[in-house]
Amino acid sequence: MTSPAVLAAHGVSYSYGDEPAVERVDLTVAAGEFVALVGPNGSGKSTLLRLLLGLLTPDAGTVEILGQSPRDLRDRWRIGYVPQRRILDLDVPATVAEVVTSGRTARRGWWRLPGKADRAAVDHALEAVALADLRRRPVGRLSGGQQQRVLIARALACEPSVLVLDEPIAGVDVESQRLFRDSLVHLVEHHDSAVLLVSHELGAVANDLDRVIVMKRRVLFDGPPDELASTGVNLGVHADDLPRWLEELAP
Amino acid sequence: MIVANGALGSVLATLPLPWPFERDYMQLALAAGLVIGICAPLIGVFLVQQRLSLMGDGIGHLAFAGVAAGLLLEVWPIWTAMLVAVVGALAIEWLRSRGRTTSDLALALWFYGGIAAGVVLASRAGNGGLAIVPYLFGSILTIDASDVRVIVILGIGIVAAIALFGRALFAIVVDEESARVAGIPVGAGNALLAVLTAVTVVAAMRVVGVLLIAALMVLPVATGRVVSHSFRGTMAVSAAIGAFAVVAGLAAARQWALAPGGSIVLVAAFVFATVSLVGGRRKRPPTPVMPVPRPPDELGRDDGHDHTHDHTHE
């Protein structure tokens, strides 16, 4: 039996003025699926992500999150989101635990005090990204890779049905990439969550992906990594392989 | 000098406080000052994180116009100031959130519009507009029990709002987009923060004046960020420093016959400068004699972080 789609785009298009960013995109991500979305710079990945998250409204087509239109979705906390670290200001005077606990705010009810279940979920998320020992450390004093893991833990803390990550491992060290991979696999295998990962660097998760979607305004490829490898691109061989191939894609 | 009056004044007058707070008027000043000294940084900690440190200043200028309107209409200026400040704060937030204009431009627009409207309205009020001066620079030593009562009520409202909505506001100031994705009402949260800022400005008008209130929202927070590593700790330290600045500022004002509003702010600035110097010296990492080489697996990567420093955290 096919798992229900937790994210779906049906003929979605979006333009910035006269400049089309996304054109007639169809895609689905099912529960328990681990999917990577790749494309060269300016290919519309981040725009598609914002459309799928309900942050933008498509010019044409429809988007469904957990079977509902973004506007009708009530339990939005079921979406975990890890934004690009460079767009965040982690200069906030807050500890790792405070930032991760903030990931529970929407699920708990934003006016309620954290309870036992919240503390347990935060502990679990911190352990999943191997940051339990650093929970009292200010986030501003962590390395880039550690900060990225804080953001992942914050998303994991709400125990999401679907986790969407935007360039989460750009420029982080090898050890953080390994821990990052472990936490995503844990989420998919133990919580049956869906993961949609936008990244140029898939080496760390190449063997765990169910599907790869390649886009350049439109979807150019949607299938298992093995099929993509048959075109001559090996996701796990060299970190530069995929970006180079993506930049050479036909317009 | 207005002597303490009513039930609040009687209660305060019986407090056996030592110098410089043994007099009724100083006790009223202390009560009002402590409320503002604690509340202003509690709001400021969110504003500073949102890069809206000058929000208090902009709203202060709007409140100035509201005070002038109150004097002209001969109604209690605090209510007209409250109305204009809250409406103006919501308008600033609306402009900012819709990207119609940048944050600093939105603030500048209201900043100058507010002060100009205040000057024009005050010029039409009686007394040549002199009655507006206490609201510009504060007049905490002439505050009466009814002023203190209003300030205490507003202060309780501000603390209650932070206790109830502070966690949601924290999620928003850390990462607005993720908060929006998770379903936290970001627009309502930002509007609430704007309204709380307006309420704080109005409550503080008689304490430090509309021209200096932003300093009490920002300086204790700047100090708290140096001293504390957690958000909760920053809030607590900032509020404590705000309260200390009020006590020390009032004492200095009494001792040397200084302007109390300015004295309070100067104490807050002095604490910040001292803590920054000491804290900055302590936190500065030792400079290596030779650059530490990066491990081979990190070469060629750039995450904008100094990896020579990373390994000390693991």
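Let's start inside a sheet: A:Val38 stands opposite A:Val214 in strand E8 of chain A. This is a predicted model, where local features need pLDDT of at least 70, side-chain atom pairs count only at pLDDT 80 or more, and totals for chains, interfaces and linings use all residues. Residues are numbered from 1 along each chain as its sequence is written, while chains are lettered from A and ligands numbered from 1 in the order in which they are written. Chain A has eight helices and nine strands; helices (H or I, at least four residues) and strands (E, at least two) are DSSP runs, numbered from the N terminus.

**The six-stranded sheet of chain A**

- Strands of a sheet pair through backbone hydrogen bonds, either parallel or antiparallel.
- Here, six strands of chain A form an open sheet in the order E5-E6-E7-E3-E8-E9, with mixed pairing. Two strands count as paired if DSSP finds at least two bridges between them.
- At the edges sit E5 (79-82) and E9 (218-223) of chain A, and each pairs on one side only.
- On average, neighbouring strands of this sheet are turned by 15° against each other, direction ignored. For angles like this, axes are lines fitted to C-alpha atoms (for helices, over the stretch in contact), and values run from 0 to 180 degrees between N-to-C directions.

**Strand E3 of chain A**

- Which way does E3 (residues 34-38) of chain A run relative to E7 (residues 194-198) of chain A, parallel or antiparallel? They run parallel, joined by four bridges.
- Along that pairing, A:Val35 stands opposite A:Leu196, and A:Leu37 has A:Val198 as its bridge partner.
- E3(A) also pairs with E8(A), in the parallel sense and over four bridges.
- E3(A) is mostly covered, with five of its five residues buried. A residue is buried if 20 or more other C-beta atoms lie within 10 Å of its own, exposed if 12 or fewer, and partly exposed in between, with C-beta atoms placed from the backbone.
- A:Phe34, A:Ala36 and A:Val38 point one way from the strand, A:Val35 and A:Leu37 point the other way, and all are buried.

**A closer look at A:Ala36**

- A:Ala36 is found in E3(A), and it is buried because 24 other C-beta atoms lie within 10 Å.
- Leaving out residues up to four places away in sequence, A:Ala36 touches A:Leu197, A:Ser199, A:Leu202, A:Leu209 and A:Val212. Being in contact means that the C-beta atoms, placed from the backbone, lie within 7 Å.
- A:Ala36 and A:Val164 are 128 residues apart along the chain, and their C-alpha atoms are separated by 9.9 Å.
- For chain A overall, residues 24 or more positions apart account for 72% of the contacts with a separation of 6 or more.
- Of the 251 residues of chain A, 50% count as buried.

**Helices against the sheets of chain A**

- Helix H1 (residues 45-52) of chain A lies across E3, E6 (162-166), E7 and E8 (211-216) of chain A, and runs at about 150° to E6(A).
- Helix H6 (residues 174-191) of chain A packs on that sheet too, touching E3, E6 and E7 of chain A, and its direction makes about 150° with that of E7(A).

**The three-stranded sheet of chain A**

- What order do the strands of this open sheet take? The order is E2-E1-E4 in chain A, with antiparallel pairing.
- E2 (19-30) and E4 (60-65) of chain A are the edge strands with a single partner strand each, so one side of each is left without a neighbour in the sheet.
- Neighbouring strands of this sheet are turned by 20° against each other on average, direction ignored.
- E1 (residues 5-16) of chain A pairs with E2(A) over eight bridges in the antiparallel sense, and A:Tyr14 stands opposite A:Val22 in E2(A).
- H1(A) packs on this sheet, touching E1, E2 and E4 of chain A, and its direction makes about 125° with that of E1(A).

**Helices of chain B**

- H3 (residues 55-73) of chain B has 19 residues, which should span 27 Å at 1.5 Å a residue, and its end C-alpha atoms are 27 Å apart, which agrees. The expected span is 1.5 Å times one less than the number of residues.
- Because 17 of its 19 residues are buried, H3(B) is largely enclosed by the rest of the structure.
- After H3(B) comes B:Glu74, whose phi is positive, near 60°.

Conventions
Two residues are in contact if their C-beta atoms, placed from the backbone, lie within 7 Å.
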